[in-house]
Amino acid sequence: MKRYKVIVLLLCLTLFAGILAGCGSHKKKEKSEESTSTSKDSGELDDITLEGMVSDALSGMTLKEKIGQMFIVCTDSLDFDAETEVTKKMQQKLEEYKPGGVIFFSYNLKDREQVKSMIADIQKSNDIPLFISVDEEGGSVARIANSKNMQTTKFPAMSEIGKSGDSKKACEVGETIGKEIRELGFNLDFAPVADVNTNAENTEIGNRSFSSDAKTVAGMVSQEVKGLQSQGVSSTLKHFPGQGQCGEDTHKGYVDLNATIDRLREVEFLPFESGIAAGADMVMMSHVAVSQVTGKETPASLTKLMVTDILREELQFNNVIITDAMNMKVITKFYDADQAAVMAVQAGNDMILMPDNFEQAFEGVLEAVKDGTISESKINEAVSRILSVKIRRGILPTDSKLFRHNAGK
C-alpha cells in the first residue's frame, strides 16, 4: 500500500512539473536555466564533463584555429560574390581562416531551400560547426521574416509586445522565431534588444525596444531568452551597457551615452541582469562611449572597464561577449581593422563581429599573440567560452571527433 502511494505521489509530481514547463514557468525553470543554460538539444552536461570536453578540443587546435573561432563574419568578407551560395573562393577562405560563425543578411536569403543548402555547405567547411547567425528581432529588424519566400512569422515591433504587459508574449515570440529559424539552419539570433528606450529621439533603437520602463524590458527580455533557447537557438542581449538614452546613431559616427554608473545600475543594467539570470548565451557590446564612467571617449566595446570589470565581473556574465558590428563608422572612422580587433580582445570580448577587413583583423590578433601583446591564455579563455556555448546548445555534437583526438594516448 505504501509503495502504491509513493508511485501515485511521483506521478503527481511529474504531472505538476510538466504543467510548469514552457513559457508559463518562472522560478523553478529559471533556477535550472541559470545554473546550466542547457538547451533541449544538448542534453544535461555537468560542469566537469563540459570543461573536459572543451579542454580536449582546445588542446587539438592550432593558434590560428583558435583565433578563427573568435570571429563572426558576413559572406562579403569571404567573397563579395558569395551572396546566395558558397563559391569556391568562399570555401577556400572558410577552410583557411575557420571563422567561428557567419552572419546572414537579406541579400543572402533567396528562398528556404537555397538558405538550407547554403548553410549546410558552410557547415561542411570546418570540424567545429559555425554559429549561423542573423538579426531576427521582429518588427523592422527581421532579415528572414521580412524577406520574400522565407515563409516565417512576421511579428510587430517589440514595443507593441511590451505594451501588452504580458511577458508570456515575449516568450512566444522567442519560441516561434527560434523554431522557425532553426528549421532553416540558424543557431544564433542577435536578439533580444535589451535597451530601455528612454529617449524619444533615439532613431537607432526606437520601437525595437520593449519599453521605456526598465522593469518591463527586463521581464520581456528574460522570457524571450527562454523562448529562443528552448528551441536550441542561442540568444544575444544587446546592446550593452544599453543605448536607449542616446540621441545619435553609432552606425553613423561617435556617440556618447550621457549616463553615470548609478544611472546605468538603476535603469540600463536591469534588462541585462534579467537576461543573464535567464541563461543568455551572448551579450553584445555597444560602440557607445560612456565617458562619465570610463573618463574616455573610447567605445564601450573597446574598454576593459565596461567589458571585463563591469559586464564580466560586476554583472557576473560567464558566457560569450561579442562586439557589435566592427564595420560601423564609429569604429572605422577612428581605428584600422587590426587595431580595433586587438583592442576588442584586450578589453575582454570573446568574439568580434563583422570586422571591416576580416583578414587584416585576423592577422592583427595573430601578430598580437605572437609578440606578447595578447597572451595565448586570454585566447584560450575566450575560445573555451565559445566552445562551451556551442556544446551546450547542441551546435557542436558531444560525439565530435574533437573530443577523441587524445584517445589511446
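Strands β7 and β8 (residues 282-285) run parallel and are joined by four bridges. They belong to a predicted model, so every value below is computed from predicted coordinates. The structure also holds 19 salt bridges, and K238 of strand β7 takes part in one of them, with E137 as its partner. Here is a quick tour, topic by topic.

**The sheet around β7**

- Three strands make up an open sheet in the order β7-β8-β9, and their pairing is parallel.
- β7 and β9 (320-323) are the edge strands, each pairing on one side only.
- On average, neighbouring strands of this sheet are turned by 25 degrees against each other, direction ignored.

**The E137 and K238 pair**

- E137 and K238 form a salt bridge, with their closest N and O atoms 2.7 Å apart.
- This pair links distant parts of the chain: E137 sits in strand β4 (residues 136-138) and K238 in strand β7 (residues 236-240), 101 residues apart.
- Both E137 and K238 are buried.
- The two residues also belong to a network of salt bridges that links D135, E137, R143, R208 and K238.

**Salt bridges of exposed and partly exposed residues**

- The side chains of K401 and D127 meet in a salt bridge at 3.7 Å, N to O.
- K401 lies in the segment after α16 (376-392), while D127 lies in the loop between α6 (112-123) and β3 (131-134); the two are 274 residues apart and link distant parts of the chain.
- K401 counts as exposed at 53% relative accessibility, whereas D127 is partly exposed, with a relative accessible area of 46%.
- D121 and K124 also meet through their side chains in a salt bridge, at 3.6 Å, N to O.
- In that pair, D121 is partly exposed, with a relative accessible area of 28%, and K124 is exposed, with a relative accessible area of 65%.

**Helix α16**

- α16 has 17 residues and reaches 24 Å from its first C-alpha to its last, close to the 24 Å expected at 1.5 Å a residue.
- The buried residues of α16 include I379, A382, V383, I386 and L387.
- Among the buried residues of this helix are also K390 and R392.
- After α16 comes G394, whose phi is positive, near 80 degrees.

Terms used
Residues numbered from 1 in each chain as written. Predicted model: local features only at pLDDT ≥ 70, side-chain atom pairs only at ≥ 80, totals over all residues. Heavy atoms only, no water. Salt bridge = Lys/Arg side-chain N within 4 Å of Asp/Glu carboxyl O. Buried < 20%, exposed > 50% of the residue type's maximum accessible area, 1.4 Å probe, protein only. Expected span 1.5 Å × (residues − 1). Pairing = 2+ DSSP bridges. Axes fitted to C-alpha atoms, helices over the stretch in contact; angles between N-to-C directions.
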